[in-house]
Protein chains: 2
Amino acid sequence: MILSALLTSVGINLGLCFLFFTLYSILRKQPGNATVYGPRLIQEGKSRRSNGFNLDRLLPTAGWVKRALDPTNDEILSNLGLDALVLTRVFVLSIRVFSFASVVGIFILLPVNYMGTEFQEFFDLPNKSLDSFSIYNVNDGSNKLWIHFCAIYIFTAVVCSLLYNEHKYISLRRIAHLYESKPRPQEFTVLVSGVPIVSGNSISETVESFFREYHSSTYLSHVVVHRTDKLKVLMNDAEKLYKKLTRVKSGSITRQDSKRDGFLGMFGKSVDAVGHYQKKLDKLEDDMRLKQSLLAGEEVPAAFVSFKTRHGAAIASNIQQGIDPTQWLTETAPEPQDVHWPFFTASFVRRWISNVVVFVAFVALLILYIVPVVLVQGLANLHQLETWFPFLKNILNMKYVSQVITGYLPSLIFQLFLLIVPPIMILLSSMQGYVSHSQIEKSACIKLLVFTIWSSFFANVLSGSALYRVNVFLEPKNIPRVLAAAVPAQASFFISYVVTTGWTGLSSEIIRLVPLLWSFVTNLFCNEDDKEFEVPSTPFYVEIPRILFFGLLGTTYFFLSPLILPFILVYYCLGYVIYRNQLLNVYAAKYETGGKFWPIVHSSTIFSLVLMHIIAVGLFGLKELPVASYLTIPLPILTLLFSIYCQRRFLPNFRSYPTECLVNKDKADAREQNMSEFFSKLVVAYRDPALSASQYSRDISP
Amino acid sequence: MILSALLTSVGINLGLCFLFFTLYSILRKQPGNATVYGPRLIQEGKSRRSNGFNLDRLLPTAGWVKRALDPTNDEILSNLGLDALVLTRVFVLSIRVFSFASVVGIFILLPVNYMGTEFQEFFDLPNKSLDSFSIYNVNDGSNKLWIHFCAIYIFTAVVCSLLYNEHKYISLRRIAHLYESKPRPQEFTVLVSGVPIVSGNSISETVESFFREYHSSTYLSHVVVHRTDKLKVLMNDAEKLYKKLTRVKSGSITRQDSKRDGFLGMFGKSVDAVGHYQKKLDKLEDDMRLKQSLLAGEEVPAAFVSFKTRHGAAIASNIQQGIDPTQWLTETAPEPQDVHWPFFTASFVRRWISNVVVFVAFVALLILYIVPVVLVQGLANLHQLETWFPFLKNILNMKYVSQVITGYLPSLIFQLFLLIVPPIMILLSSMQGYVSHSQIEKSACIKLLVFTIWSSFFANVLSGSALYRVNVFLEPKNIPRVLAAAVPAQASFFISYVVTTGWTGLSSEIIRLVPLLWSFVTNLFCNEDDKEFEVPSTPFYVEIPRILFFGLLGTTYFFLSPLILPFILVYYCLGYVIYRNQLLNVYAAKYETGGKFWPIVHSSTIFSLVLMHIIAVGLFGLKELPVASYLTIPLPILTLLFSIYCQRRFLPNFRSYPTECLVNKDKADAREQNMSEFFSKLVVAYRDPALSASQYSRDISP
């Protein structure tokens, strides 16, 4: 790729981005799109659906940018929660890192690279290959490589210190968040699994007697988990019917609106709608009550045990309870709405085995992913295709068709393939026996990150003979050399990747094309009130790996090809505005993980640094500067030591809260809050929604 | 090596063993040797020093064997503690494993190996090479190798199930030990380090206010640690003087025995001995009191905090206390006599850095150990020596000299080198910042085990071109193949290693040559009462790696060269008797680790199994049976999964006691024990002995 081609591509994509932003600033002002661009605001009742027309509605404005940047960190923390804060801090950290990297890269490394071999004519700049700006251009054994060497050391030190400060900031914010929040059920509750079966006693009795015996001063109540999968299907039906019935009663579907009960509602005698739905609901409820009475006995050996103080709950969840470590397993309870009910039936051994199985499946997926890569590379290699399907020869020889196939088709297939990966990861994680949606998402986030790095970085870098080269990882000694040879060669690919996939991704994030079209279609074909309106949940587990991947690219190419850095900086700056905007207007967190995504960010950053160091070791070797190669070896070790130190220093605070906070907060609560009211709510907070479903009939009966 | 040579060696060594045992059975009955062979009994007052002569004293008897085998596990547990039980159970486990292995090896694998190539003449048996009994003798690609394959699978299953049961047994015994024992200070106490410095408050005040605030219901008292290294030197002097003074007073050195205070006690005016020592002691005590008053201010930011219940202490030690995870670090306190005082000054960061430094030093030691190996191999290779020192040529050409040099000198150098390793390991471990001797010993035990396996197994196996072959570990793919080629070649070396080093080691263990000679010398030159008599502490950390190493040999050679198995079985049977005898008569545990050596035994056994599997994978490959090679690969994975399961199932119980036990025991104590009396002892239990040293003068002053 030559410089002018890159600049053209950058220009086009930047133009597209601003076009999309302009479009967004207009579209978001149309009242019909309020559910697309401001569902969170509507839910909070902050948005007014004004239908009045004014000229301002058609003019692009940048007010949304200002509004997105306005809230302080404290406001974000109190309004959007800790997870949202973590997401914005990822951008802040990345902007800081790549601002520094860009300055060093563009003003020091780039000139050094460009002057690498000889004095170059500046007139010919647009036709220069991008390789002239990469470390490839520096002569073997040249002393100029020591500049790169120093840059790597300084960059690592800067990243580590920024990371340390960020880690400290978020860890303190987490504590502050606890102090500021009102009492929440999950802080007082512990999930106990592996309750031993005592003959003659129900699970409930066993749990009660155990905690009354061993936590006599703090035990409050408990709720045993029941097997309710079948009930849940019935319940969903009932909920839908109930909603419809409320609408009928409230008059949005007129009472007189008759309904025929024959085929497709077209034949048969017409019946009163209310009576019709009421009858159906009654029947469903009878079913449910029957099932409920049957299920009452079907207890699962797990229970939510609530305590009178946070400290009491922490004691129960931090110390092994029973003599057999596979029984009386305790863990901090998730938020009530975050509980993932289906997996409670699993025993310790089954959970453990399914963990192993999922791990194997995940590794298999990583390996099998090579197959589509090879197939797609076959597409890019047209001769292969011609030998398979000779009749295509004429078509394939047409310039336009061949360009489409080699240029767009592979990346399209990749994108489609990547679309199905997040649900697969969620599926895998949900099989691991996590008891909450947030844990599942966190686990899926890690899997997705590994998968992204593997599929987008390593599979690309080692492509061509992908299956063959994977062998490299069995011979650790050769890894630096192979990576050093393969990674710089892909520099121009990744620069255009950032410019296209990265920037376009941001545009599509803000424009929300699919919900926009969907809203358009429903506006056309349905009446106003039938539209099911739901605030989307923040897709942390999809977004964080994507965002981190660009950090990995920037870090590894920092000294190889510094030309990539400004583009990544632009990505993070745009992303900062856009994601803040989306968090403020669109998404609403369904549950809070308490900043548990942050350790993933930390690990990913450290991994990127170490990967860069490994490539540097290999590259200095290839460039015949063995001293620099050896002198780089301490760097990954120091980085890993730094990481271990950080984990010891900060990670415990992400796992659980310290005694100091818990006791202080408990005492403050006892002074300030009406705890008896909270306790009465706490007692029923973890009741399985499926078992308290008969509320509908009570609500509705006149 | 041929069979007859092996049998000769076995015969000689077995004869030597029985000679030593006979000698022992006579020597132990001599009253003069009571302090050598029964110090523990003397300390407990069970031994009578009868000086009357009878014939029985000169006859060898086997009564000691019966007495060693008599006590049940429960008796061992209650009299000798859990660690002693663990040591005997290691032998029990090994005897079971190698009984099974011997049966399979001798009756199935050995005949298969022997009949490997062709029908062999049995007449020529004594002159057969040992290789005829090893897997080498089986033809490449022969289907007989499937018998080995099955044997490996069955052996692994048997070892795992035995290990599981043993794990379970010891873990239950640990709990039972808690229930049976009286209240011990360490169960109620937590060591707090990293106490933050609050300006205006002393450490003691900070600790008190923190625990009064956050553990108000269970906090009892605390003792701040002081910097007392210099004081300790003075104290040791004082202790010696005090002992002497008591002896003088009690009359064993007669009061009239005058002492001249001039040169060597020969000139000058004679003084009263009591007055002389008393004056010295007084002066020392003045010094100490001065130092003590100076030190009172020099507090170290660490304290022993005692609680009213075990559960209270467990809560404090299991949950992070302060907001900063590097402050208010809590851990279970060691026994009062087990505390290693010097390292308390270290902060979190310094402890952590010294850990890293020690790790690096340990790895360096492992690598540097290659140097003496190469040197010693140079000795074995006489031509090398001749070219270095030409004048030695004539001497070296003498058959006897060359035999001594090539045969005994290398192993002598090795043995001497190995003697200095345990102190080095203890030194390294004590630099890691452990706060108790038992933790230091446990850590040294792990280091010694790794060192033993590395130096005695890998360095031997990969010898010849040791430094060059170490490269193998950088290419994991080649490991099985290299090991499979190198390990079986050393079979006859390791068989004679078991017979000589193993069996001889046991003999020297029971005969206690050095203490015997020492006692003989002191008997000759000193009078009765001057003899300092001390019960030796059980050297778990030296013995356990040695014992486990033979298990590793047996496991890896199980299918390669089953001839080794009966010798290892004999080793373990003899060892079982001897170590029980030593534990009962000689050693006394100074402190109890609570069975924490057991997880090391577990890991070592699993490592041996996996090593065997890796060798099997390589060997089946070399023997041109690739299917068997691939089918062996799941075995190490399954074994590791089993190990992880075991660790999850049992290890938590080795780290800390569960709530159930603690609360039960607390309640039982409240009913049965006089707790207020215990508490008054507890308050002073962790006072630094250096700070309460002025007791001597009080005791002595008339």
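The following conversation concerns a predicted model and how its parts are arranged.

Student: What should I know about the numbering and the model?
Tutor: Residues are numbered from 1 along each chain as its sequence is written, and chains are lettered from A, with ligands numbered from 1, in the order in which they are written. The model is predicted: local features need pLDDT of at least 70, side-chain atom pairs count only at pLDDT 80 or more, and totals for chains, interfaces and linings use all residues.

Student: New topic: what is the strand order of the open sheet in chain B?
Tutor: The order of its 4 strands is β2-β5-β1-β6, with antiparallel pairing. Strands are DSSP runs (E, at least two residues), numbered from the N terminus, and two strands pair if DSSP finds at least two bridges between them.

Student: Which are the edge strands?
Tutor: They are β2 (219-226) and β6 (329-332) of chain B, each pairing on one side only.

Student: How many bridges join β1 and β6 of chain B?
Tutor: Strand β1 (residues 189-193) and β6 pair in the antiparallel sense over 4 bridges. B:Ser193 stands opposite B:Leu329 in β6(B).
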